[in-house]
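Here are my notes on the structure you asked me to look over. Please read them with the model open beside you.

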Amino acid sequence: MGESDRERAVEGWIWNENVQPFLALLARYAGYYFDNTDWQAVELGLEATDDEHPDRWYSYPLVGSDHHFEVRLARAVGGNEVSVRVAGTSNPELLLRADTLIAAFATRLVT
């Protein structure tokens with residue numbers, strides 16, 4: 001039996017200043033418009049996170065007309081990095097896109 005949708009995931013880290021554009025682009029892949037209300041919720045949710053403690057990650061669903069992503073985020077305490085895990089789809093193309101976004105937003109060149 002294959003992995004369930006929730007078990008298939010890509011993960012990595014991105015710079016804190018790239019979280020909003022990362023989520024906005026990922027949301028587009030789902031067919032969801034990520035607006036300022038979404039960003040305010042994520043920004044508030046990230047405040048108490050700690051990537052070294054699995055129970056202190058923030059989870060945000062991106063449920064669009066085309067696909068669904070479950071995004072988990074947590075800040076690195078004392079750093080400017082945010083750990084990211086994207087799950088919720090078994091579509092290999094979307095997982096590759098999410099993985100590529102993570103790699104791209106781990107550079108300081110993206111603004």
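Predicted model: local features only at pLDDT ≥ 70, side-chain atom pairs only at ≥ 80, totals over all residues.

The points below go through the sheet, the helices packed on it, and then the side-chain pairs.

1. Four strands make up an open sheet, and their order across it is 1-4-3-2, with antiparallel pairing. Strand 1 and strand 2 are the edge strands, each pairing on one side only. From one strand to the next, the twist averages 25°. As background, strands of a sheet pair through backbone hydrogen bonds, either parallel or antiparallel.

2. Strand 1 against strand 4. How many bridges join strand 1 to strand 4? There are 7 bridges between them, and the two strands run antiparallel.

3. Side chains of opposite charge can pair when their charged atoms come close. A search of the whole structure gives 3 salt bridges. One of them joins the side chains of E11 and R85, at 3.3 Å from N to O. E11 belongs to strand 1 (residues 9-15) and R85 to strand 4 (residues 81-87), so this pair links distant parts of the chain, 74 residues apart. E11 is exposed, with a relative accessible area of 54%, while R85 is partly exposed at 25%.

4. A salt bridge with a buried partner. The side chains of R56 and D50 meet at 3.9 Å, N to O. Is D50 buried or exposed? D50 counts as buried because its relative accessibility is 7%, and the cut-off for buried is under 20%. R56 has a relative accessible area of 38% and is partly exposed.

5. A salt bridge within a helix. R97 and E93 form a salt bridge of 2.8 Å, N to O. Both residues lie in helix 3 (residues 92-104), 4 residues apart, which is about one turn of the helix. R97 is partly exposed at 34%, and E93 is partly exposed at 46%. R97 has another contact to check: its charged end sits over the ring of Y29, 4.8 Å from the ring centre.

6. Aromatic pairs. A pair of aromatic rings is described by the distance of the centres and the angle of the planes. The count here is 4 aromatic pairs. Among them are W13 and W15, with ring centres 4.9 Å apart and planes at 85°, so the pair is edge-to-face. W13 is partly exposed at 36% relative accessibility, whereas W15, at 13%, counts as buried.

7. F34 and Y60. The ring centres of F34 and Y60 are 6.4 Å apart and the planes are at 80°, so this pair is edge-to-face. The pair links distant parts of the chain, 26 residues apart: F34 is in the loop between helix 1 and helix 2, and Y60 is in strand 2. Both F34 and Y60 are buried. Ring pairs also bring in Y58, linking F34, Y58 and Y60 into a cluster.

How values were computed:
Residues numbered from 1 in each chain as written. Heavy atoms only, no water. Salt bridge = Lys/Arg side-chain N within 4 Å of Asp/Glu carboxyl O. Buried < 20%, exposed > 50% of the residue type's maximum accessible area, 1.4 Å probe, protein only. Phe/Tyr/Trp six-rings, centres within 6.5 Å; stacked < 30°, edge-to-face > 60°. Lys NZ or Arg CZ within 6 Å of the ring centre and 35° of its normal. Pairing = 2+ DSSP bridges. Axes fitted to C-alpha atoms, helices over the stretch in contact; angles between N-to-C directions.
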